[in-house]
Amino acid sequence: MRRAALVLLGAAMLLSAGCSRDEGSEAQPGTADAAASAAHEKAVRAAVTATLRGSARIDGNISMGGRGETHSLAVRGRFDLAGDTGRLSVDLPGGAVGHVDEVFAGGTVYLRGVPGAAGGWAAIGRDAAEAHYLLRAPVNDPAHTLRQVAAMRYVSKVGEEKIKGIPAVHYRGALDYSTITRRMSQETRTKVAQMQESLGGTLPVHADAWIDGQQRLIRARLSFENAGIEVSNTLSLSDPGTPVKATAPARGSVVRTSAVSGILLG
C-alpha cells in the first residue's frame, strides 16, 4: 500500500501539478537588481566549488506531499566530493523497499537492497544513472544536487541565519528548465515538459543555499510547490574534511546493470 501511494504521488506530481497556475510561487526575474543578483550568483558558485573540493558528512531529506499525504526519505553518510567516493544509506520508513546502501567508488555506484541483485550488490556507472522524479539526484548523488544549486539564477540575499548553530548567509534563486531536467530520464523529462507548458512556460522551482563564514555551502534546498503538490530536496553538509572510506564490494557479489529506478534511487 505504501509503495502504491508513493507511485501515485509521483504520477500526480508530474501529471497534474500543472493544472493550476500559482503566480505567487514563480520566480520573478525582474524583481532583483541585476548587479546584486550577479554578485550573489557568483558567491553561490564559489561556495559550491569550494565544497566540491573537500569531503563532508551528508544529511539529506526528500519530502513529497500531496493528496493529503506526505512521504519523507532520509539520505545519510559521508562523501569525499573531491575524490568522487562515498557511502550513503537511504531510508523510507514503512516502504516496501525501506533501505538501500550505496557505495560510490571508481566511477561506479554499488547498490545493496535493490530488486534483481539477489541479496548482493547491483552496480551502475555513476554517469549512466538517471533521475526519475522531480528534484531528485540520480542514485542520490550529492554532487549532482550541488551542481544544480550552483546554476541558480535571479539570486537574492534572504538574510543571515544559523544552521545548527553555525552563522550562514541564505541566498535564494530559481532554476531553469535545463538545470531542472539535467540527467533526467526521457520519460520523466517529457512529463516535466508537459507540466512546464501548462504553467505558461515557467516551472516554479526554487533553489536555496546557506553559506558559512568559510564560504562553504552547509545547506542546499530545491523546492517545488503548485496545485497542492509540494516537493523538496534538502541537503545538509557538515564536518568538512571528514575522512571517507568507500571500497567497492567483492566482484563475485556484484551484478552489473545499465539502469536503476525506484523511489529510493531518485
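The protein has 5 helices and 12 strands, where helices (H or I, at least four residues) and strands (E, at least two) are DSSP runs numbered from the N terminus. Residues are numbered from 1 along each chain as its sequence is written. Because the model is predicted, local features need pLDDT of at least 70 and side-chain atom pairs count only at pLDDT 80 or more, while totals for chains, interfaces and linings use all residues; side-chain values use heavy atoms, with hydrogens and water left out.

**Overall figures**

- Of the 266 residues in the protein, 52% are buried; buried means under 20% relative accessible area, exposed means over 50%, and partly exposed lies in between (1.4 Å probe, protein chains only).
- Among contacts with a separation of 6 or more, 62% are between residues 24 or more positions apart; a contact means heavy atoms within 4.5 Å.
- The protein exposes about 12000 Å², and carbon and sulfur atoms supply 50% of that area. Accessible areas come from the Shrake-Rupley method with a 1.4 Å probe, and for residues only the protein chains shown count as cover.

- The 12 strands form an open sheet in the order 7-8-9-10-11-1-2-3-4-5-6-12, with mixed pairing. Strand 7 and strand 12 (254-256) are at the edges with a single partner strand each, so one side of each has no neighbour in the sheet.
- Neighbouring strands of this sheet are turned by 20° against each other on average, direction ignored. Such angles run from 0 to 180 degrees between N-to-C directions, and the axes are lines fitted to C-alpha atoms, for helices over the stretch in contact.
- Two strands pair if DSSP finds at least two bridges between them. Strands of a sheet pair through backbone hydrogen bonds, either parallel or antiparallel.
- Strand 7 (residues 153-163) and strand 8 (residues 166-174) run antiparallel and are joined by 8 bridges. Ser 156 stands opposite Arg 172 in strand 8.
- The hairpin of strand 7 and strand 8 has 2 residues between the strands, and Lys 164 there takes a positive phi near 50°.
- Strand 8 is also joined to strand 9 (residues 205-212), by 7 bridges, and these two run antiparallel. His 170 has Trp 210 in strand 9 as its bridge partner.

**His 40**

- His 40 is part of helix 2 (residues 34-52). With a relative accessible area of 17%, His 40 is buried.
- Leaving aside residues up to four places away in sequence, His 40 touches Val 155, Ser 156, Lys 157 and Tyr 171.

**Salt bridges**

- The structure holds 10 salt bridges, each a side-chain nitrogen of Lys or Arg within 4 Å of a carboxyl oxygen of Asp or Glu.
- One of them joins Asp 84 and Arg 126, whose closest N and O atoms are 3.3 Å apart. This pair links distant parts of the chain, 42 residues apart: Asp 84 is in the loop between strand 2 (69-80) and strand 3 (85-91), and Arg 126 is in the loop between strand 6 (121-125) and helix 3 (142-150). Asp 84 is partly exposed at 36% relative accessible area, whereas Arg 126 is buried at 11%.
- Arg 112 and Asp 101 form another, with the closest N and O atoms 3.1 Å apart. Arg 112 lies in strand 5 (residues 108-112) and Asp 101 in strand 4 (residues 99-105), 11 residues apart. Arg 112 is partly exposed, with a relative accessible area of 34%, while Asp 101 is buried at 16% relative accessibility.
- Lys 191 bridges to Glu 187, the closest N and O atoms being 3.6 Å apart. Both residues are in helix 5 (residues 186-198), 4 residues apart, about one turn of the helix. Lys 191 is partly exposed at 23% relative accessible area, and Glu 187 is exposed at 56% relative accessibility.

**Confidence**

- The mean pLDDT of the protein is 88, and 87% of its residues reach 70 or more; pLDDT is the predictor's confidence in each residue, from 0 to 100.
- Residues 1-9 have pLDDT below 50, and this stretch has 16 contacts in the model beyond near neighbours in sequence.
- Over residues 15-32 the pLDDT stays under 50, and the model has 35 contacts for them beyond four places in sequence.
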